[in-house]
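Here is a guided look at a protein model together with its DNA. Please keep the sequence and the 3D view open as you read.

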Protein chains: 2
Amino acid sequence: MVQVIFTRRRFTHEVLRATLGPMETPEEPRWLDEEERQAWFALASVLMRLPSALDAQLQRDAGISHFEYQVLAGLSEAPDRTLRMTKLAKFAESALPRLSQVVGRLEKRGWVRRTPDPTDGRYTLATLTGDGWAKVVQTAPGHVAAVRSLVFDPLTKAQARQLTDIGRRIMRTIDPDDRCLGGPN
Amino acid sequence: MVQVIFTRRRFTHEVLRATLGPMETPEEPRWLDEEERQAWFALASVLMRLPSALDAQLQRDAGISHFEYQVLAGLSEAPDRTLRMTKLAKFAESALPRLSQVVGRLEKRGWVRRTPDPTDGRYTLATLTGDGWAKVVQTAPGHVAAVRSLVFDPLTKAQARQLTDIGRRIMRTIDPDDRCLGGPN
DNA sequence: GAAAATCACTTGCACCATGAAGCAATCTGC
DNA sequence: GCAGATTGCTTCATGGTGCAAGTGATTTTC
């Protein structure tokens, strides 16, 4: 899944106006006005195309998916380049099964090593190896450059600031409990 | 795939400063400054969580994925509720093989019908059935309500306008040839 | 007007994501 | 201190995605 939606141009108005009679009228929803529709359309396009554009850059230049990069990056900035699987999953905003498989792949490639936590055998510690660190170091510049060129170069400084606020407001609505303001976890 | 990336907090600076010596120095990339990092972090969160939040609403309330909704919606606003597969694919920003399978599923559910174009046997016309139209009519309000509550309710009018401009600038960078400004196709 | 190229679409295959069940280590109630 | 519940992680099965090859219809070329 993970895809995004439209509500394109005159669509929303027409659809319901046509055959709302026989249906249970859901108390006349508040449709999007023209400005909102344009904003939604612009946002939806970005939601669909920006992730794959960034993914493509990483895949092409480093042979890894964005999610894999994120896991490596998460470990690279952790103390001792080590994190428990659960923490890492939270960092990467992923479920455990997915992380488990990805870390398994990264382990096969020699970038990550798994060891049981000596203080509690239930935990698994994922550690970035030397090769993994080197991989991150060599991958990061290209990735940052892609983010810069696709996102920040076309925006003014003021717009980047606006974007911060906009993104945070939306995130607070989606998940108020999430530490998405750069706060610690 | 289709996932999004981070470049979290102090990460970008530290990573490279540490071991750039032995690598070929990629002419000292321009890192993100503090404001940019915060903006990127906010945007990345939205890119990861908003699509799945919207998908979840549709899946829960209507039993369809967002992509399926998009296909149905695209047909519902087309003349005669009919579109050629290629046009529909462009509308849904998807490749043809994916669309072909999804339309196959929608056809099995009775919402879409496929017929060869009488004027050119290569084309396939996808048509929304009566049931398909009803499905869209009953699904749209909840979906629009989700978009409104997750995106526009938390934003000011001015921010919504800013968002339009921001999104368009980013899209122009990703794909300058795309008609993503609401223009016709 | 027939061979070749092109076009629109479908199918097959490999990969990855998601959810349910499984397994092992630890904690809790008696 | 031992059975049962809980926690953390892994594995398995299903289903969707994306790419490359395949099919059938139309246009082009000579």
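A word on conventions comes before the tour. This is a predicted model, in which local features need pLDDT of at least 70 and side-chain atom pairs count only at pLDDT 80 or more, while totals for chains, interfaces and linings use all residues. Residues are numbered from 1 along each chain as its sequence is written, chains are lettered from A and ligands numbered from 1 in the order in which they are written, and side-chain values use heavy atoms, with hydrogens and water left out.

## Chain A as a whole

Let us start with the fold. Chain A contains seven helices and three strands; helices (H or I, at least four residues) and strands (E, at least two) are DSSP runs, numbered from the N terminus. Along the sequence the order is α-α-α-β-α-α-β-β-α-α. Of the 185 residues in chain A, 54% are buried, where buried means under 20% relative accessible area, exposed over 50% and partly exposed in between, with a 1.4 Å probe and protein chains only. Contact means heavy atoms within 4.5 Å. Among the contacts in chain A with a separation of 6 or more, 55% join residues 24 or more positions apart.

## Where α2 of chain A meets α6 of chain B

Helix α2 (residues 34-62) of chain A and helix α6 (residues 130-152) of chain B have axes that come within 12 Å and cross at roughly 85°. Axes here are lines fitted to C-alpha atoms, for helices over the stretch in contact, and angles run from 0 to 180 degrees between N-to-C directions. The two helices, α2(A) and α6(B), are therefore roughly perpendicular to each other; angles of 65 to 115 degrees get that name, while those under 35 count as roughly parallel, those over 145 as roughly antiparallel and the rest as oblique. On the α2(A) side the contact is made by A:Glu36, A:Ala39, A:Trp40 and A:Leu43, and on the α6(B) side by B:Val147, B:Arg148, B:Val151 and B:Phe152. By class, this contact has six nonpolar, no polar and two charged residues. Ala, Val, Leu, Ile, Met, Phe, Trp, Tyr, Cys and Pro count as nonpolar, Asp, Glu, Lys and Arg as charged, and the others, Gly among them, as polar.

Of the atoms of DNA strand C within 4 Å of the protein, 81% belong to sugar and phosphate. Helix α5(A) gives the most to this surface near DNA strand C, with four residues. The classes there are six nonpolar, five polar and six charged residues.

DNA strand D is also surrounded by 17 residues, the closest being A:Thr86, A:Ser100, A:Arg114, B:Asp120 and B:Gly121. Sugar or phosphate accounts for 76% of the atoms of DNA strand D within 4 Å of the protein, and bases for the rest. Here α5(B) gives the most to the surface, with four residues. The surface near DNA strand D has six nonpolar, five polar and six charged residues.

| Residue | Part of residue | DNA strand | Distance to phosphate oxygen |
|---|---|---|---|
| A:Arg98 | side chain | C | 3.1 Å |
| B:Met85 | backbone | C | 3.2 Å |
| B:Thr124 | backbone | C | 3.0 Å |
| A:Ser100 | side chain | D | 2.8 Å |
| A:Arg114 | side chain | D | 2.6 Å |
| B:Arg105 | side chain | D | 3.5 Å |

## Individual residues

A:Gln159 sits in helix α7 (residues 157-174) of chain A and counts as buried, at 4% relative accessibility. Beyond its neighbours within four places in sequence, A:Gln159 is in contact with A:Pro154, B:Gln162, B:Asp165, B:Ile166 and B:Arg169.

Most residues other than glycine have a negative phi. A:Arg81 has a positive phi of about 50° although it is not a glycine. A:Arg81 is in the loop between α3 (66-76) and β1 (82-84) of chain A and is partly exposed, with a relative accessible area of 31%. In chain B, B:Arg81 has a positive phi of about 50° and lies in the loop between α3 (66-76) and β1 (82-84).

Terms used:
A residue is near a molecule or strand if one of its heavy atoms lies within 4 Å of it. A polar contact is a pair of N or O atoms within 3.5 Å; within protein, one must be able to donate a hydrogen and the other to accept it, and residues adjacent in sequence count only if both atoms are side-chain atoms.
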